[in-house]
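Subject: Structure handover and findings

Hello,

Here is the structure I promised to pass on. Please open it alongside this note.

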Amino acid sequence: MPDSKPSNQWKTLDRDLGRIGAVEYATQYVSKPLVGLGISLAFIIVAALASTLFFGGDSVSYVVIAAAAFGAYMAVNIGANDVANNMGPAVGANALTMGGAIVIAALCESAGALLAGGDVVSTISKGIIDPESVASSEIFIWAMMAALISSALWVNLATWVGAPVSTTHSVVGGVMGAGIAAAGFAAVNWPTMGAIAASWVISPLLGGIIAAAFLAFIKTAIIYQDDKIAAARRWVPVLIGIMGGVFSMYLAMKGLKKIVKIDLFTACLIGLVLGAIIYAVSAPLVRRQSEGLENRNKSLKVLFNIPLILSAALLSFAHGANDVANAVGPLAAIVHAESFGTFAGKVDIPTWVMVIGAFGISFGLILFGPKLIRMVGSQITKLNPMRAYCVALSAAITVIIASWLGLPVSSTHIAVGGVFGVGFFREWHAERRVRNSSAKRPEAKRIAPEERRRRKLVRRSHFMTIIAAWVITVPAAAVISAVIFLGLQAAFV
């Protein structure tokens, strides 16, 4: 009888090798996030050390070093969370790969921050706190430090949960909480806070309605036509011209403030002229691109890919120009207070501070951005190039309308609201078609309520998580900020 011992030994060896392979795979899986954390930590340390070189003064300011570190941390979190709103729809619609989206967003965000980023920032964050209510520059510094830390922590937590939140509202909550802890509830400008609270509702609703309206137009004017390609040749250049005009207005008003200040009327003229030029250029291009396409919906997606990519890039440029101040605003305030021993409602942003914000946003996007890009682009509802185009266009239009009305809105709420609007419109439209079909054919099989719920096109779990995160962003950041301020005051004041 042959000895079975060698056979058993080989089985044991195979099991051991399998365990080793599993451990190696697990190590690689765990090490991926650790690499991102390590690079982020290195960037934060470099930013802190760089502040000692660029900050003027005979002695080293440990307050500025700490503020630079937390400003870099905040910038990384903005890149991980906020930038996803611009690139998510393009990635979800397969117009861009994840790698392509990250490269374009990183370049456009940095260019927007460094070329067109505001050189003056409001240190009291949109007039929430009365500067005269703050007792001293030392108290002001710790209040700004608390606002910076709390907003960064909250955005980090939201990213970990998978909820795209407004970094602007996070900073607003941080400033409000620190201001209340420093000077009491009377220091808060409550009418301004009321307007910001109203924007929680106005931003996503307006973005969703505009996105749904454009999708309804595309369905009616192009998708449901007998000759889809002919309809596309007629209307796609018009939509591209509208996009070009709207983004020209958007960039003129919001993205070029540092270079030149443009009023609403002038911005409208610029948008009208450039929109007409873009329409004239795009019409023959669309006609040439549509030659040989089959008369079906899949062919239409090709015509929207390039406009969608351009809109995502322009949104990223404008976002970098505007929202980098969320990362470096409190840092700039601390640098000013340390330099001059006084504090003011508005201060200049030093170039080195702006560089920290721009590079931090890019690092955060590259290292941690894919999670929220996937959430916005594909996990809330299914997007194709037409739907994603509607989301991007609605984001720019909503910001322009809000600026005209003087409403403080969030780009995050607008973009995600546009995704919700497209998804809920698709649900409504699908239900309407089912009802019309049942009315025309009573003998048709009715869909059970359970099946109807299963066919929902917007994932309700993500919807509720995001809405809850939006509602509690300002109060949560305020509470965290107040606690941090009281701790800093007890330790250092």
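Below is what was found, from the whole chain down to single residues.

**Ground rules**

This is a predicted model, so local features need pLDDT of at least 70 and side-chain atom pairs count only at pLDDT 80 or more, while totals for chains, interfaces and linings use all residues. Residues are numbered from 1 along each chain as its sequence is written, and side-chain values use heavy atoms, with hydrogens and water left out.

**Overall**

The protein has 15 helices and two strands. Both are DSSP runs numbered from the N terminus: helices are H or I with at least four residues, strands are E with at least two. Of its 493 residues, 50% are buried. Buried means under 20% relative accessible area, exposed means over 50%, and partly exposed lies in between (1.4 Å probe, protein chains only). The accessible surface is about 22,800 Å². Carbon and sulfur atoms hold 66% of that surface. The areas come from the Shrake-Rupley method with a 1.4 Å probe; for residues, only the protein chains shown count as cover. Among contacts with a separation of 6 or more, 85% join residues 24 or more positions apart. A contact is heavy atoms within 4.5 Å.

**Cavity**

Rolling a probe the size of a water molecule over the atoms shows where empty space is left. The search runs on a 1 Å grid over the protein atoms alone. A cavity is a set of points where a 1.4 Å probe fits but cannot get out; a pocket is an open set with protein on both sides within 12 Å along at least five of seven lines. Lining residues have an atom within 4 Å of a point. Points are joined across faces, edges and corners, and a volume is the space filled by probe spheres set on them.

One cavity of 30 Å³ or more turned up. The largest cavity has a volume of about 70 Å³. Ten residues line it, and the closest to its centre are Ile 129, Val 134, Ala 143, Met 144 and Gly 179. Two elements give two or more residues to this lining: α5 (137–161) and α6 (167–183). Helix α6 gives the largest share, four residues. By class, the cavity lining has nine nonpolar residues, one polar and no charged ones. Nonpolar covers Ala, Val, Leu, Ile, Met, Phe, Trp, Tyr, Cys and Pro; charged covers Asp, Glu, Lys and Arg; the others, Gly among them, are polar.

Ser 170 is also in α6. Ser 170 is buried, at 0% relative accessible area. Leaving out residues up to four places away in sequence, Ser 170 touches Ser 151, Trp 154, Val 155, Val 165, Thr 473 and Ala 477.

**Second largest pocket**

This pocket holds about 470 Å³ of space. Of its 16 lining residues, Leu 37, Ala 80, Asn 156, Thr 159 and Phe 368 are the closest to its centre. Helices α1 (5–54), α2, α5 and α11 (351–379) each give two or more residues to the lining. The largest share, five residues, comes from α11. The pocket lining has ten nonpolar, four polar and two charged residues.

**Helix α2**

In α2, 16 of the 20 residues are buried, so the helix is largely enclosed by the rest of the structure. Ala 68 sits in this helix (residues 62–81). Ala 68 is buried, at 0% relative accessibility. Beyond four places in sequence, Ala 68 touches Ala 47, Ala 48, Ser 51, Leu 331, Trp 352 and Ile 356. Ala 68 and Ala 332 are 264 residues apart along the chain, with their C-alpha atoms 9.2 Å apart.

**Loops and a helix residue**

- Asn 94 lies in the loop between α3 (84–92) and α4 (98–116). Its phi is near 65°, a positive value in a residue other than glycine. Asn 94 is exposed, at 67% relative accessible area.
- Thr 342 lies in the loop between α10 (297–340) and β2 (346–348). Thr 342 is partly exposed, at 44%. Outside four places in sequence, Thr 342 contacts Ser 137, His 336 and Ala 337.
- Ala 213 is in helix α7 (residues 190–223). Ala 213 is partly exposed, at 45%. Ala 213 and Ser 394 are 181 residues apart in sequence and 9.2 Å apart, C-alpha to C-alpha.

Best wishes
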